[in-house]
Amino acid sequence: MTASRPALVEALILLLLLLATAALPAAEEEPGLPVLESGNATLELDSGRVPLPYTLTAAGPLVALQPLAARLGGDLAVGPLGQSHELTLSQSTFIFGPDSRAMTVGEEIFDLSQAPVAGAGGLHVPIDLLRSTFGQILGYDIGWDARERTLSVRRRQLRELAVSYDLVHLQGVTTLVFQFPERPRYRVLRKPRAVEIEMVGDRLRPPDARGLPPDPFVRRLAMDAERIRFELAAEAEVQDYVLEQPFRLVFDLFRGTPSARAAPRAPAAPPRRRGDGIRTIVIDPGHGGSDTGAQGKSGSTEKNLTLVLARGLKRQLEGRLPVKVVLTRDEDAELPLDTRSALANQYKADLFISLHLNSSVEPDAHGAETYFSSLEASDERAALAAEAENRAAAVGGGDGDPLYDLQLILWDLAQSHYMAESQRLARLIQDELNATLDLRNRGVKQAPFRVLMGAAMPAVLVELGFLSNPAEETRLNDSEYRVRLTEALVRAVSRYRAQLEGTKTASAEFDR
């Protein structure tokens, strides 16, 4: 008996270890979906059929990317440990990796149908990633036959796309926009004193010839079936980006470098090149002066509380991060909306955060919500919130004024360049507010807040609570509660800064 007892204990320990080991793969696979099958599919090309490693999940097939890139063209670079993959086709670089459904190209973020996974032959990617890359850029039709386990890749028939253009010069910036009915296959070539947009597998149908309006930066514009070419003045610099729905190629032209231009009143400052990370943050306490903003039943005003919150946020940011923080107002002063974002441009800020408090006819409405800028509101309530904020603090200009309408379009172009970054910052802020204070998640939304649309950097508007709710009004007047609010904002900014600069969180105190 004494000899068998240790053997029994050993057997029990071994059984427990086996059970624990069996549970590990499920935990490791949590970011993705369970694998239903894997093996070799068939890649069907114009030149024949070859084997192609694949993986099948409940969300559909994933196929090996590396052999596809070798056959179809493009440069595929894999980062350390295989976490970051960069696929460059023409002038577009797509960045993605295992266990993440996000794919980025420039400032755009695409949600994939499922996350890529590691497999035989390298990273396996979903079919929609192939259609967004090889399909859109190189002009392939890509199909999947589930029964035959076959990926077919065919050269798409030549498309002829209509193109139209607009050129506007306002306050030192020329904006040249080319619009297409769908995303063309193209590459942008920068040449001495000229820019060319060369079609790759598509053809253009240029508009009827019309004279180019006089412009200080664009000297000549020419189009044919294969390319668009515009010539630049000697002193002109140019930056480009894209907008979707409809697809537009946008070029901002200006004199000298963006950082050399100080334009505190210019609502359409071009996107800046921020190579040094987050150094300057502008905090905007909402309302001020005769514009009190929301008011609580106990007499609290939005303009006073946002100023107190902004001062506290400035102290904490400068105390915990190597940043300079500027307030748009540090007293009870009335400040036009355009001036607030213009100040951020003047200080060459890397982030712009506008602080506000909410109000509702429903007395039990509570919680926080974070906005980023867009001409299209995410829902009706977001549209009404932006309309109320814009109307409450409007100074000059407005709907129906042609110059104001033009400025709105240009503001949208400038801020759209940073939309992905603004949305990322908004999500981090909302996550921190929800987790730290157990606030009701009213979500991240988009709306045409005028105070954001002039900002040439990532910009968000944060509603930190409802003054119309007596319980939240009481909490907002509690200094300890306000500290918790500002600490959540500091954590969010720290996380955003770490992601942007590729570093660890600035201090362990930010990690929960």
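Colleague: Before we start, what does "buried" mean here?

Modeller: Buried means under 20% relative accessible area. And keep in mind that this is a predicted model.

Colleague: Which strands does strand 23 pair with?

Modeller: One partner is strand 24, residues 324–327, in the parallel sense over 4 bridges. Val282 has Val326 opposite it there. Strand 25, residues 351–358, is also a parallel partner, over 5 bridges, and in that pairing Pro285 faces Leu355.

Colleague: What do strand 23, helix 4 and strand 24 make together?

Modeller: A right-handed β-α-β unit, with helix 4 covering residues 302–320.

Colleague: You mentioned Leu355. What does it touch?

Modeller: Leaving out residues up to four places away in sequence, Leu355 touches Ile283, Asp284, Pro285 and Gly286, as well as Thr306, Leu309, Ala310, Leu313, Val462, Leu464 and Leu489.

Colleague: Which residues touch the most other members in the largest nonpolar core?

Modeller: Ile281, Ile283, Leu317, Leu355, Leu433 and Leu464, out of 38 residues in that core. Strand 23, helix 4, strands 24, 25 and 26, helix 8, strand 28 (459–466) and helix 11 (479–501) each supply at least two residues. The largest share, 8 residues, comes from helix 11.

Colleague: What lies apart from that core?

Modeller: Another core, of 31 residues, with Ala41, Tyr54, Phe94 and Val125 among them.

Colleague: Tell me about Ala41. Where is it, and is it buried or exposed?

Modeller: Ala41 is in strand 1, residues 35–45, and counts as buried at 4% relative accessibility. Setting aside residues up to four places away in sequence, Ala41 touches Val50, Pro51, Leu52, Tyr54, Trp144 and Arg149. The C-alpha atoms of Ala41 and Leu151 are separated by 7.4 Å, with the two residues 110 apart along the chain.

Colleague: Switching topic: where is Glu432, and is it buried or exposed?

Modeller: Glu432 is in helix 8, residues 419–437, and is buried, with a relative accessible area of 1%. Its side chain makes a polar contact with the side chain of Arg491, at 2.9 Å.

Colleague: How about Ser359? Where does it lie?

Modeller: Ser359 lies in the loop between strand 25 and strand 26 (368–373). Ser359 is partly exposed, with a relative accessible area of 41%. The C-alpha atoms of Ser359 and Glu463 are separated by 9.6 Å, and these residues are 104 apart along the chain.

Colleague: Last one: what is the strand order in the open sheet of 4 strands?

Modeller: The order is 16-17-20-19, with antiparallel pairing. Strand 16 (186–191) and strand 19 (218–223) are the edge strands, each pairing on one side only. From one strand to the next, the twist averages 15 degrees.

Colleague: And how many bridges are there between strand 17 and strand 20?

Modeller: 5 bridges, in the antiparallel sense, joining residues 194–199 of strand 17 with 227–232 of strand 20. Ala194 has Glu231 of strand 20 opposite it.

Methods. Residues are numbered from 1 along each chain as its sequence is written. This is a predicted model: local features need pLDDT of at least 70, side-chain atom pairs count only at pLDDT 80 or more; totals for chains, interfaces and linings use all residues. Side-chain values use heavy atoms; hydrogens and water are left out. Two strands pair if DSSP finds at least two bridges between them. A crossover is right-handed if, with the strands pointing away from the viewer, the path from the first strand over the helix to the second runs clockwise. Axes are lines fitted to C-alpha atoms, for helices over the stretch in contact, and angles run from 0 to 180 degrees between N-to-C directions. Buried means under 20% relative accessible area, exposed over 50%, partly exposed in between (1.4 Å probe, protein chains only). A polar contact is a pair of N or O atoms within 3.5 Å; within protein, one must be able to donate a hydrogen and the other to accept it, and residues adjacent in sequence count only if both atoms are side-chain atoms. Contact means heavy atoms within 4.5 Å. A nonpolar core is a set of buried Ala, Val, Leu, Ile, Met, Phe, Trp, Tyr and Cys residues joined through side-chain atoms within 4.5 Å.
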